Amino acid sequence: MIAQQAPGAPGSTATWTSSAKDMVGTAIGQGRVWFTVGYGILNEVYWPSCSTPQIRDLGFIIAGDDFWSEVKRVHQYSLTTPSSALPIPKIVHQHERYRLELEIITDPARDVLLIHYHLEGEGLRLYPLLAPHLGGDGDNNYASVTPAGLAAQKNGQYLILSAESGFARGSVGYVGSSDGWQDFSQNGGMHWEYQQAGPGNVAMLGELNRNSGVLALAFSDSAQGAITLANSSLAAGYQEAKRQYAYLWAEWNETVNFPELDKLPKKLSDAVRTSVVVLKTHEGRTFPGSLVASLSTPWGDTHKDPGGYHLVWPRDSVEVGFAMLACGLITEVRALLAYLIAIQQPDGHWMQNNFTDGRPYWQGIQLDEVALPVLFAAKLHEQGLLGEMRGAAVHMARKALAFIAQYGPASPQDRWEENSGINPFTLSVSIAALVAGAKAGFLEECDKQYAIDLADDWNERLESWVYVSNTELDHELGISGHYIRLNPNCHSARFGDVMLRNRNNETINTRALLGMEYLYLVRLGLRKASDKRIQDTTKLVDKQLCVNLPAGPYYYRYNEDGYGEHEDGRAFDGSGVGRLWPLLSGERGHYAAACKQDIQPYLNAILASASTGGMLPEQIWDKESIPERGLLTGRPSGSAMPLIWAHAELIKLIYVQKTGVPIEQLHSVSEHYGQKSLAPRARHWRDNLSCGAVPADRELWIEAQEPFVLHYGYDHWQNIKEQSSQPLGLGLYGVALDVSALAGKTIQFTRRFDAKGWEGRDWSIDIEA
């Protein structure tokens, strides 16, 4: 039945596909197309940046007179690549009635994806089934059958699926009502030939003239441009594009310089090669240095989030940047730093995440995302790699360190983007950044000493904020105390509660909330691996957060985590139960390396979590298998895959095994805090961060972000004095008080600000006897 307009508008609610990717890939060249593979078919394809998916998936139906089959649902396939360092997936779908072979590349010279296909099976025909989601959205797409192929457009973006041998016929329709899959489901074959559909959630189906050939999926900002690109790519030839694709990847792989890579066991060297290719694949083309966290949308088959994980997180980017540095990828790390400098906000912070062109998506503030770029720049300085970027890096670091100094040590969000307060991870990278930036000469002299003084004060007080002792958990395990995940209140962590963001706002005692954030204290050189507090916390974490599966030890982010599937396997929908994170096996492995212990169990665990194509997931399923939901014990869950942070963690764990020093650790920081008795010269007081009793052998610095006059006395306002604040450094103003003669006394004070007058309250601080 041939008809002009498909019925059933606008179609069912659009979603993305599963985030469980078998593989990802792209060409190295001027082509701006990225692809993902899952369930043996093409999933989201991105263009013109790796932030913007343009299709949901491209699968295949195979049919004859008495038979039809959708290969994705049969789910009987194998996937191979020519080597661990060459992302050319060859997929073979095997069935008693057919054998379908697919090979996927992108054209290095054009915005075109190519699929080489070959079907064997008597009396069968092949039908590509494509769901366009142009502009990163499945709504309001238009589709049509044209002489050049199956076309779609939306808001000035166009795609076309062309076949080397052409289509015998085609049809477009609305998903769930008049699309090609519904036609086969209802009629057992292709009976509908609708020529146009849209606006809505549309899908396109074509019957190929030949069972062997090449498909071209082209993208452009005009309909004719897409046709021209597809036809020129087909004319130039698939084998030539494949040869160039392989050549450019081989040439790039020559720049990888991981320590003694060829001497590693083949399993590990292959894992490094695959991982470094995954990292490179997630880099933008128009915006070099932009690294999206994952070419996937967690639980994408249940919703239509336009951001997913295909966004740039400064934290994830720097974690990956250190891994790239471990692999000797100097061009990439310099591009990353230049990109981070470019997207820094005027006040010194970075957005929580953004599209590759710099447009913000979520706009939370996380101090670790302010500190890590400084730490990265300081590392490049230590290795002599800044070159003419130094001036821009210095400008970036000054703004970032001023932001940290003025707003730290508490962060509006932690590294898991859920809670405000002080946490060991954010605090450790902030302290390290202050010291590293100062020691690298990034700061002016008037700011340099203040940065070190502030870092030393925060480092000394760290345990007062995020360490507890003699709690119920400690008594159960027979330890003295432990580091907590997060302290939301900036006073003793023995008291108060933390709200669990993904557990319908349930709460847990601050002292009972465990995480692995504290391990960065060792990784960055702020604490010794032999520190009893670190050792005790690790015993507790190994007991409370670790699950030993046959492949090795895996860890939860924290107890009572809610970011994961529900108990019955339903997708995360704002609440759920957190699952095991392979990258945390890497963090625990780093600590094992610092203790001179065997890291192989942690390596084995990470490697065992990989997909068929070597992709590492964000989370794996931790319970009994639920096959009907695709959840198998120890295998990837519905969260992001691949996660470039996980791939970076694997690379860095193998690196620390080879070198003995974490790639993130700076000599300037570890040397500074390696000194045995490093007493801060001052205690820093702010109205949002009380400092408890102050030792009499320290100066007391009373600080604010604007000038003020300090009105103060001691022991019920005796001996009242006034003193004007002075610039301290990094945008802070303060009064430095010598309290050595006030041991055992209490200082009372209030402030009169130049801009707004008296603050309207009194403060008091005890001086230790």
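S5 (residues 53-64) and S11 (residues 125-132) run antiparallel and are joined by eight bridges. Here strands pair if DSSP finds at least two bridges between them, and helices (H or I, at least four residues) and strands (E, at least two) are DSSP runs numbered from the N terminus. This is a predicted model, so local features need pLDDT of at least 70 and side-chain atom pairs count only at pLDDT 80 or more, while totals for chains, interfaces and linings use all residues. Residues are numbered from 1 along each chain as its sequence is written, and side-chain values use heavy atoms, with hydrogens and water left out.

**Around strand S5**

- Twelve of the twelve residues of S5 are buried, so the strand is largely enclosed by the rest of the structure; buried means under 20% relative accessible area, exposed over 50%, and partly exposed in between (1.4 Å probe, protein chains only).
- S5 also pairs with strand S4 (residues 41-46), in the antiparallel sense and over three bridges.
- Val45 stands opposite Ile55 in that pairing, and a hairpin of six residues takes the chain from S4 to S5.
- On to strand S6 (residues 67-70): four bridges join it to S5, again antiparallel.
- Ala63 has Trp68 as its bridge partner in S6, and the hairpin from S5 to S6 has two residues.

**Overall build**

- The protein has 18 helices and 33 strands.
- Along its principal axes, the C-alpha trace spans about 100 × 55 × 50 Å.
- Of the 769 residues, 62% count as buried.
- Among contacts (heavy atoms within 4.5 Å) with a separation of 6 or more, residues 24 or more positions apart account for 68%.
- The protein exposes about 27,200 Å², and carbon and sulfur atoms supply 48% of that; accessible areas come from the Shrake-Rupley method with a 1.4 Å probe, and for residues only the protein chains shown count as cover.

**Nonpolar cores**

- A nonpolar core is a set of buried Ala, Val, Leu, Ile, Met, Phe, Trp, Tyr and Cys residues joined through side-chain atoms within 4.5 Å.
- The largest one holds 236 residues, and Leu42, Leu217 and Leu337 touch the most other members.
- Apart from that core lies another, of 20 residues, among them Phe708, Leu710, Leu737 and Phe749.
- Not counting residues up to four places away in sequence, Leu337 touches Pro373, Phe376, Ala377, Leu380, Leu386, Met389, Ala393 and Met396.

**Cysteines**

- How many disulfides are there? The count comes to zero, using a rule of cysteine sulfur atoms within 2.5 Å.
- Take Cys50: the closest cysteine sulfur is in Cys327, 19 Å away, which is too far for a bond.
- Cys50 is buried, at 0% relative accessibility, whereas Cys446 is exposed, with a relative accessible area of 52%.

- Strand S21 (residues 497-500) and strand S22 (residues 506-509) run antiparallel and are joined by four bridges, with Thr507 in S22 as the bridge partner of Met499.
- The hairpin between S21 and S22 has five residues, and in it Asn504 takes a positive phi near 55°.
- Asn504 is exposed, at 65% relative accessibility.
- Ser575 touches Asn504, along with Asn502, Gly562, Gly564 and His566, not counting residues up to four places away in sequence.
- Is Ser575 buried or exposed? Ser575 counts as buried, at 12% relative accessibility, and sits in the loop between strand S24 (552-555) and helix H15 (582-594).

- Most residues other than glycine have a negative phi, and most peptide bonds are trans.
- His75 is not a glycine, yet has a positive phi of about 60°; this residue is in the loop between helix H1 (71-74) and strand S7 (77-80) and is partly exposed, at 41% relative accessibility.
- Ala9 and Pro10 are joined by a cis peptide bond with omega about 0°, and Pro10 is in the loop between strand S1 (2-5) and strand S2 (23-26).
- From Gly408 to Pro409 the peptide bond is also cis, with omega near 5°; Pro409 lies in the loop between helix H9 (390-407) and helix H10 (424-439).
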